[in-house]
Amino acid sequence: MKKKKYFGRGAMFIISAVFAFLFLMPTVLTITNSFMEQSEINANYGMIFSNITSDNKTYISDSVTLKFIPDKVSISQYITALIKSPDYLFKFWNSVILVVPIVVLQVATAALAAYGFTRWRGKFRSFMFFFYVILMLMPYQVTLVPNYLVSEWLGILNTRWAIIFPGMFAPFSVFLLTKFMRRIPKSLIEAAKLDGAGEWQIFTRICLPQCRSALYSIAILVFIDYWNMVEQPIILLPDAAQQPLSVYLSQINAGEVGIAFAVATIYMIPTLLLFLHGEEYLVEGIAHQGSVKG
């Protein structure tokens, strides 16, 4: 029995290690290759971009080589991205200007809506919440055309508000936070009401502190989702000067692959820092979501 137990643990460890390696390999390759010189990148990955640069046969290599350690460490790509070419920094700050308001406003809106769904005892509560779930299940591409038409009708098309407004009212956060608030003991709320607390005091002093982990995990998930958005800016922000870096990365030509690696590494830093800072809250929030009953 002990041999079987150890064998099972060993097999699970090996399988987990393989999946962890496959999951982390693209990130590690991006970071290490950002310190390669352009000539070395061309020699290793030129075949990938053969269709793009078919007119430049000197750039194309005969095979693709995945290389984790550069022959010579170079920071020229970072110098170009951070100093010589301001376009990358402008696009980076475009991403910040778009995503930060969406995260703040969506979490605030979701907290108020979730409190309403938790405390409201009306006949149509279940129907309204079911409607939210249906909206959550729809992919963004389904609502992209209605968002475009509404933005055009409101006169905010080709402005940042065309991205921020749909983002702040996304149903995903409302669904998760409602399920989380319903696990708060009713006796705690009743005790606060007996002490003379109003609805706003119950919301701010009881519900929000109890949902701190859920709020943090939702903020991280929303940030990651909108930090990597591509379809929304392309359709709702035709002006390239206002588009985020996530869109601009896909437009970097094959001759600037080294710069693309460096910019992608810089682009990952806010997400990684946010995840590392709030990892405990994120794990706790997701764990509680799994234990919540409707």
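This is a predicted model: local features need pLDDT of at least 70, side-chain atom pairs count only at pLDDT 80 or more; totals for chains, interfaces and linings use all residues.
Visitor: How many helices and strands does the protein chain have?
Guide: The protein chain has 15 helices and zero strands. Of its 294 residues, 38% are buried.

Visitor: How do I read a nonpolar core?
Guide: A nonpolar core is a set of buried Ala, Val, Leu, Ile, Met, Phe, Trp, Tyr and Cys residues joined through side-chain atoms within 4.5 Å. Here the largest one has 52 residues. Val103, Ile163 and Tyr226 are among those with the most contacts inside it. Helix α4 (residues 86-119) gives the largest share of this core, 12 residues.

Visitor: Which residues does valine 103 touch?
Guide: Contact means heavy atoms within 4.5 Å. Setting aside residues up to four places away in sequence, valine 103 touches Ala219, Val222 and Phe223.

Visitor: Is threonine 118 buried or exposed?
Guide: Threonine 118 counts as buried because its relative accessibility is 12%. This residue is found in helix α4. Beyond residues up to four places away in sequence, threonine 118 touches Arg125, Thr178, Met181 and Arg182.

Visitor: Where is leucine 215?
Guide: Leucine 215 is in helix α11 (residues 212-227). Its relative accessible area is 18%, so leucine 215 is buried. Leaving aside neighbours within four places in sequence, leucine 215 contacts Val107, Leu177 and Leu208. Leucine 176 is 39 residues from leucine 215 in sequence, and their C-alpha atoms are 9.4 Å apart.

Visitor: How do I read aromatic pairs?
Guide: Rings of Phe, Tyr and Trp (its six-membered ring) pair if their centres lie within 6.5 Å; planes under 30 degrees apart count as stacked, over 60 as edge-to-face and the rest as tilted. The whole structure holds nine aromatic pairs. In one of them, phenylalanine 35 and tyrosine 78 have ring centres 5.1 Å apart and planes at 35°, so the pair is tilted. Tyrosine 78 is buried at 14% relative accessible area, whereas phenylalanine 35 is partly exposed at 28%. Phe92, Trp93, Phe223, Trp227 and Tyr267 form one aromatic cluster.

Visitor: Which residues make the nonpolar surface patch?
Guide: Patches use residues with over 30% relative accessible area and no salt bridge; like charges are joined within 9 Å, nonpolar side chains (Val, Leu, Ile, Met, Phe, Trp, Tyr) within 5 Å. A salt bridge puts a side-chain nitrogen of Lys or Arg within 4 Å of a carboxyl oxygen of Asp or Glu. Areas come from the Shrake-Rupley method with a 1.4 Å probe; for residues, only the protein chains shown count as cover. Here Met12, Phe13, Ile14, Ile15, Val18, Phe19, Phe21 and Leu22 make a patch of about 870 Å². Valine 18 is found in helix α1 (residues 2-33). Valine 18 is partly exposed, at 43% relative accessible area.

Technical notes:
Residues are numbered from 1 along each chain as its sequence is written. Side-chain values use heavy atoms; hydrogens and water are left out. Buried means under 20% relative accessible area, exposed over 50%, partly exposed in between (1.4 Å probe, protein chains only). Helices (H or I, at least four residues) and strands (E, at least two) are DSSP runs, numbered from the N terminus.
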